[in-house]
Amino acid sequence: MQVHADRERCCGAGMCALTAPEVFDQRDEDGLVVVLRSTPPAEFEADVREAVSLCPSGAISLTEEDAAALPG
Amino acid sequence: MTTDLTSAVRQADLLAVPAARGTCPFDPPPAYEQARRRAPVVPVRLFDGTATWMIAGYHEVRQVLGDPRFSADDRAPGFPFLSAGRRELVTERRAFIRMDDPEHARLRRMLTGEFMLKRIEELRPRVQELADELLDRMIAGRREADLVAEFALPLPSLVICMMLGVPYEDHEYFQACSRTLLDNSAKPEQLAAARDGLVEYMHRLAEGKRREPDGGIVSRLIERGELSPDEVASMCLLLLIAGHETTANMTALSVLALLRNPRQLARLRMEPEVTRDAVEELLRYLSIVHTGLPRVATEDVTVGGRLIRAGEGVLCMLSTANRDEAVFPGADELDLDHPARRHVAFGFGVHQCLGQPLARLELQIALDRILQRLPGLRLNADFDGLRFRHDLVVYGVYELPVAW
């Protein structure tokens, strides 16, 4: 699972940092999203998915690791 | 042209908003819940007979508030107003709550650093000190008090004044103005007078900070050199009002809700580690921003199976969305075990409450200190005699007589 954050869309609400503090932080100058671990370990996966859902501006997204392994 | 909305208007009576609450003052109006059970998006009638859409379903509220095609700009045609007074209050001197991106983002980002989690967390010891000082004063030689006047209102007021650099001595003035501004039954002249008075007050305060900066939020905004005096005044006014009215009412109403749910209260007192979860559940259950967040469609958008046309207004009913049983099983009960994090009490989308980390901090501390320091806390009045803020944009109780 790869975590992406679009700082242009970020509104600084901090829900990601509140929900998955090991994976997300807010930068000091303006509180916008910082991704601490872009491929977080499996133990944080549930929290990261919740953070994606709770982000009010849709700034956080995920790409699944095995997307590259689609049959074709 | 016939639209979903115009043909709805031609049919039988539309639900009038705001509707009255039922027997339980903690529950949203029964008519809203009934409407949501029929459909997540329903046409409703405003005070002046105009039709608008009520967004009552949880997913639909998130969809609308997260969609930039729904504008927060109250100058846009079709923007829904809840009273004549609200419509009269529209002005060029807007705060960012009534703007869309990119101008909204530009202004909001000047404040996001001030309210981020780490920064707010640094205030914890000071807020706890303030809470304890207020309680010390309240309990000195007494066993009863009005929790609103002596604790729930002063605590967030003191904190936001400290953060902004507003003198707390002026609190009676700005609290009176802010109460008027939130009153949907206030006449246009009253609203304008309160607003103009506060704007004038803020201009004078900002002038003072220009001469003598104090490191507070008002000073720091001025020092950026990017804002006009009007912009500084409207932003700081918004922070002042939003920063105390909301938390004050959540605090008092939360205590009342816990008093009415004694098993939940006992659990919270015995297990202070559940305080954070309790605050989320109380935010969900009480949803004090209860008159619906207004937006207007700038393009045709389908929501909940209804076609909302450009120029039609919507009211996003946070309280009703937070009682959506499909999302929150047992939604109409207050239960500290409910997973409540997904609530929309702070709204959704790019306007989601900027102050939410501060609100959470203050509520966690307020509830913790009240429960720890007031053993035997009980309501000191007849529940049926309590006065609720039905007509105000932020719901709550006017007074909360308690004893301990």
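Which residue of S11(B) does Ala145(B) stand opposite? In this predicted model, in which local features need pLDDT of at least 70, side-chain atom pairs count only at pLDDT 80 or more, and totals for chains, interfaces and linings use all residues, the residue opposite Ala145(B) is Val402(B). Residues are numbered from 1 along each chain as its sequence is written, while chains are lettered from A and ligands numbered from 1 in the order in which they are written.

The pair belongs to an open sheet of 3 strands in chain B, ordered S5-S11-S10 with antiparallel pairing, where strands are DSSP runs (E, at least two residues) and helices are DSSP runs (H or I, at least four residues), numbered from the N terminus, and two strands pair if DSSP finds at least two bridges between them. Strand S5 (144–146) and strand S10 (378–379) of chain B are the edge strands, each pairing on one side only, and S5(B) is joined to strand S11 (residues 401–403) of chain B over 3 bridges in the antiparallel sense.

A further open sheet of chain B has 6 strands in the order S1-S2-S3-S9-S6-S4, with mixed pairing. Strand S1 (15–16) and strand S4 (70–71) of chain B stand at its edges with a single partner strand each, so one side of each lacks a neighbour in the sheet. Helix H3 (residues 58–65) of chain B packs on this sheet and touches strand S2 (41–45), S3, S4, S6 and S9 of chain B, contact being defined by C-beta atoms, placed from the backbone, that lie within 7 Å. The direction of H3(B) makes about 125° with that of S9(B), the axes being lines fitted to C-alpha atoms, for helices over the stretch in contact, and the angles running from 0 to 180 degrees between N-to-C directions.

Strand S9 (residues 313–316) of chain B is covered on both faces, with Gly313(B) and Leu315(B) buried on one side and Val314(B) and Cys316(B) buried on the other (buried: 20 or more other C-beta atoms within 10 Å of the residue's own, with C-beta atoms placed from the backbone). Strand S3 (residues 51–55) of chain B pairs with S9(B) in the parallel sense over 3 bridges, and Trp53(B) has Val314(B) as its bridge partner. Strand S6 (residues 293–297) of chain B, by contrast, pairs with S9(B) in the antiparallel sense over 4 bridges; Pro294(B) stands opposite Leu315(B), and Leu293(B) has Cys316(B) as its bridge partner.

The predictor gives the complex an ipTM of 0.91 and a pTM of 0.95.

Terms used:
A residue is buried if 20 or more other C-beta atoms lie within 10 Å of its own, exposed if 12 or fewer, and partly exposed in between; C-beta atoms are placed from the backbone. Two residues are in contact if their C-beta atoms, placed from the backbone, lie within 7 Å.
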